[in-house]
Amino acid sequence: MAHKISLINMKGGVGKSTLAVNLAWHFSAYTSWLKKVLVIDLDPQFNASQYLLGPDKYLKHVVTKEKPTVYHVFERYSPEFKGIDLDKAIKNITENQSGGKIDLLPAQLELAYTLKNPSDKARNLKEFIDTVESEYDVIIIDCSPTDSMLTEAAYLCTDHVLIPVRPEYLSSIGLPLLYRSILDFKEKYKKHPIEIAGVVFNATDDYSPEENKSKKNVKEVCKNLDIKIFKKEISFSRSYPKGARENAPIFRTSYARYDRSQEFLNFTEEFAKEVGIS
Ligand SMILES: Nc1ncnc2c1ncn2[C@@H]1O[C@H](COP(=O)(O)OP(=O)(O)O)[C@@H](O)[C@H]1O
Ligand SMILES: [Mg+2]
């Protein structure tokens, strides 16, 4: 059984895609893990797909070659795609000689159409993952910031939820909403093992009074909801957007500061321990 992790926050721009992709790189490339990782892009804005493939390869793969994406996974029983072969839906991104690898199930804009007509489609992702899960050690799902059929589809395939939070104004507003959404899900699927692994502060800078205020606020909310906050934080660094442009994790981004990449590694270690990835 693979460890299945979803990155969720009902807020956009908090670092879900950045962390999803960097975690995938760490688990696949660092000798402490060397895991076989599948990244599932569950956001119609397909940032994780672009981050991993780069815009040119993304266009070639999805638009020119018309390879199936997660959109087709959801639409596989609709008349338009009935009988579609999903064997080519997973694209290899990197393979390490020592055994680790990253594969990607990309997203595309059309996923937004699925959201317009979502009935009975949430289970299609799980059905697909069940057929490939044995090939992976870790499956990382990058979610979109709205509570929709896609969120339920992600929950169905999730053991642990990781919640990135930026310590800025209104940072805690989505937390009770997300907590409620998971409770509702657990009410519907009573034996489902989904758990919140915790909140990670992302893009911190430790200087602004506003940051301290928001952190305090998030800590209070987490205490009330009994949500763990990871000790290791991820600082603000321009190397993250730069890495996205270079299709590189923080530890391979050109001129990225060593202490910044060390920080992400430290967080990955804490997270891995929390969710039992060894
Ligand atoms: N620690 C960080 N430091 C600086 N910029 C970051 C950091 N984490 C994410 N970003 C940038 O913030 C923007 C939003 O991040 P992203 O991962 O796309 O968020 P989300 O997936 O939650 O919408 C991106 O431009 C990304 O490069
Ligand atoms: Mg995103």
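Visitor: Which residues surround ligand 1, and which are the closest?
Guide: 16 residues surround ligand 1, the closest being Gly13, Lys16, Thr18, Asn202 and Ser237. A residue counts if one of its heavy atoms lies within 4 Å of the ligand. This is a predicted model, where local features need pLDDT of at least 70 and side-chain atom pairs count only at pLDDT 80 or more, while totals for chains, interfaces and linings use all residues; side-chain values use heavy atoms, with hydrogens and water left out. Residues are numbered from 1 along each chain as its sequence is written, and chains are lettered from A and ligands numbered from 1 in the order in which they are written.

Visitor: Which element gives the most to that shell?
Guide: α1 does, with three residues. At least two residues each come from α1 (16–29), β7 (195–204), β8 (234–235) and α10 (239–246). Helices (H or I, at least four residues) and strands (E, at least two) are DSSP runs numbered from the N terminus.

Visitor: How does the shell divide by class?
Guide: Six nonpolar, eight polar and two charged. Ala, Val, Leu, Ile, Met, Phe, Trp, Tyr, Cys and Pro count as nonpolar, Asp, Glu, Lys and Arg as charged, and the others, Gly among them, as polar.

Visitor: What is an oxygen atom of ligand 1 2.5 Å from?
Guide: An N or O atom in the side chain of Thr18. On the backbone side, a polar atom of Gly13 is 2.7 Å from a ligand oxygen, and an N or O atom of Gly15 lies 3.0 Å from one. The cut-off for such a polar contact is a pair of N or O atoms within 3.5 Å. Taken alone, ligand 1 exposes 560 Å², and the protein buries 81% of that, by the Shrake-Rupley method with a 1.4 Å probe.

Visitor: Where does ligand 1 sit?
Guide: In the largest pocket, meaning that more than half of its atoms lie within 2 Å of the pocket's grid points. A pocket is an open set of points on a 1 Å grid over the protein atoms alone, with protein on both sides within 12 Å along at least five of seven lines. Its volume, the space filled by probe spheres set on the points, is about 510 Å³.

Visitor: What lines the pocket?
Guide: 24 residues, with Gly13, Gly15, Ser17, Thr18 and Asn47 nearest its centre; a lining residue has an atom within 4 Å of a point.

Visitor: New topic: how many cavities of 30 Å³ or more?
Guide: One, a cavity being a set of points where a 1.4 Å probe fits but cannot get out. Leu42, Cys143, Ser144, Thr146, Leu150, Thr151 and Ala154 line the largest cavity.

Definitions and conventions: A polar contact is a pair of N or O atoms within 3.5 Å; within protein, one must be able to donate a hydrogen and the other to accept it, and residues adjacent in sequence count only if both atoms are side-chain atoms.
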